[in-house]
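Welcome, and please open the model in your viewer. We will go from one selection to the next.

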Amino acid sequence: MSARVVETDAPVVVGSGLAGLSVARHLGGPCVVVAPAGLGEGTASAWAQGGIAAAVGPGDDPQQHADDTARAGSFAGDTATITRMTQAAPALVAELVAAGVPFDRDASGALSLGREGGHGRHRVCHVGGDRTGAAVVDALAPQVAATSDAAVVRGRALELLVDDDGVAGVLVLDADGPLELRTRRVVLATGGGAALYRDTTNPLGSWGSGVVLAGRAGARLADLELVQFHPTSLDVGGGSGAPLPLVTEAVRGAGAHLLSDGRRFVDEVSPRDVVAAAVHRERVLGRQVALDCRHVPDLLEHFRGLAQRCADMGLDPARDLLPVRPAAHYQMGGVLTDVRGRTDVPGLWACGEVACTGLHGANRLASNSLLEAGVTGTAVAQDAARWAGRTASWATDRVDPVPPERTTTLAPVDGRRGSPTSPKIASVEVRAVMSDLVGVVRDADGLAQAIGRLDDLPGDDALLGGLVARRALARRESLGAHLRADAPAPAVA
Ligand SMILES: Cc1cc2nc3c(=O)[nH]c(=O)nc-3n(C[C@H](O)[C@H](O)[C@H](O)COP(=O)(O)OP(=O)(O)OC[C@H]3O[C@@H](n4cnc5c(N)ncnc54)[C@H](O)[C@@H]3O)c2cc1C
């Protein structure tokens, strides 16, 4: 079937989580939003629980937030980016308050702040305890839908169109078939890639398709091996392939204990990579790992979503120990961008989880990703609104150059427009290989096996899995979330 063609001067925004919604809100003019479902639906943003980190509490300041971010990321992050994002966080929270997000408040009316692993103090703004993402999307999506500026195309982007001048458009598959949206400005806000794994906390559409689209268009990808595993997803469902329900870290911040065969084994408010590795180790030893929330004061009042998620599984967190396991949760790497979200390809920006901005280093600090989605979405909108098009220069201004050994490039594939190689969700086979051989703890033999198996499988999901595994094999060290059983962690000052 030949594609319908629509020419537009407006930017096309692919994805409608917090990053895409932030772009649409701040462009100050028309745009086209491509989203597989309704605005905000099926996004990781809507599933976010714990909240948004911002130095808004008494005695806190952005420098302390920056220090915690850098430390959690094993000092592998980009200092300028960390400084900029943590400084922007209080203004983002204020903007969301103004947009109608009903953050929880204490009796005095001040924002109520949660504590999560790796944060030196209470710093996480939340709604309904653990319903933050849904509340943010519920506030912003109707506002974007209500403006006449945003036209919504319900579909999936299959390919970026490029020519000698840079981006030339996006090929989308919607209910009527292929559609070419021809434009000189495209923003990728397609979210992360954790659903490339069988054991995942993410919506299944989040398998990383945007990374492949950008790579094929000629953008450099960075740090693909850096995948964060959340230590406490509910160990239910027996490998059915459905996303595993998450128990937010804020529950541990409120005092819940992790038990292995009944005894505590890790500092529960350590950064995620540390806790996930400890839980993994106990499970490999054949022990039962559970979260004990029974003693947490006002548990069900503070964490309303948790009560519901557990009830769906026949569990009561106020009475039962909750069986937990690590699950793939967040992609630190992605499409390499500068502070304005510019990629290597003129006219192509990336923001939110699909982008690798350098904020997270080797391990994301809890509740820093909604922050990144909101701040980078706004920065991209401002830059895309100003960019004069193909006659203008396209310089990127990343302060710390990223060394080639951290990056991946992809050859463009000709003649594959509209090809069905970009699936809606990753295949069962790919997800199994990723979870079994490219998971919390990796080694050279397992990674080599994974590459062999992924190379034999079709589809962009297998292609991306192979890239992740290759990068993981090449990085012969343990750093943050990238844990190699056969290579030591470098000494951290
Ligand atoms: C269960 C859970 C809890 C979390 N809790 C927190 C938290 O408390 N605090 C925090 O900071 N972070 C949290 N996170 C992480 C955070 O939610 C995400 O990193 C963030 O929301 C990403 O926003 P985004 O806009 O980049 O992507 P998303 O919100 O995922 O939106 C991207 C959208 O693009 C769509 N898409 C993908 N590919 C295509 C394509 N080819 N064409 C069209 N559309 C496409 C996706 O389906 C999705 O709808 C959590 C994540 C999960 C899964």
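How much area do domain 1 and domain 2 bury between them? About 1300 Å², with 48% of it on carbon and sulfur atoms; buried area here is the accessible area (1.4 Å probe) that two parts lose on being put together, summed over both. Before going on, note that this is a predicted model, where local features need pLDDT of at least 70, side-chain atom pairs count only at pLDDT 80 or more, and totals for chains, interfaces and linings use all residues. Residues are numbered from 1 along each chain as its sequence is written, and side-chain values use heavy atoms, leaving out hydrogens and water.

Now colour the domains: select 4-193 + 330-386 for domain 1 and 234-326 for domain 2, bounds that come from an automatic or database domain assignment. Their centres, taken over C-alpha atoms, are 28 Å apart. To the contact (heavy atoms within 4.5 Å), domain 1 gives 16 residues and domain 2 gives 18. Next pick Gln-49, Arg-115 and Asp-130, which supply 36% of the area that domain 1 buries against domain 2, more than any other three residues.

Finally, display the polar contacts (pairs of N or O atoms within 3.5 Å). A side-chain N or O atom of Ser-45 is 2.5 Å from a ligand oxygen. Backbone atoms take part too: a polar one of Ala-19 lies 2.9 Å from a ligand oxygen, and an N or O of Ala-44 lies 3.1 Å from one.

Key: A polar contact is a pair of N or O atoms within 3.5 Å; within protein, one must be able to donate a hydrogen and the other to accept it, and residues adjacent in sequence count only if both atoms are side-chain atoms.
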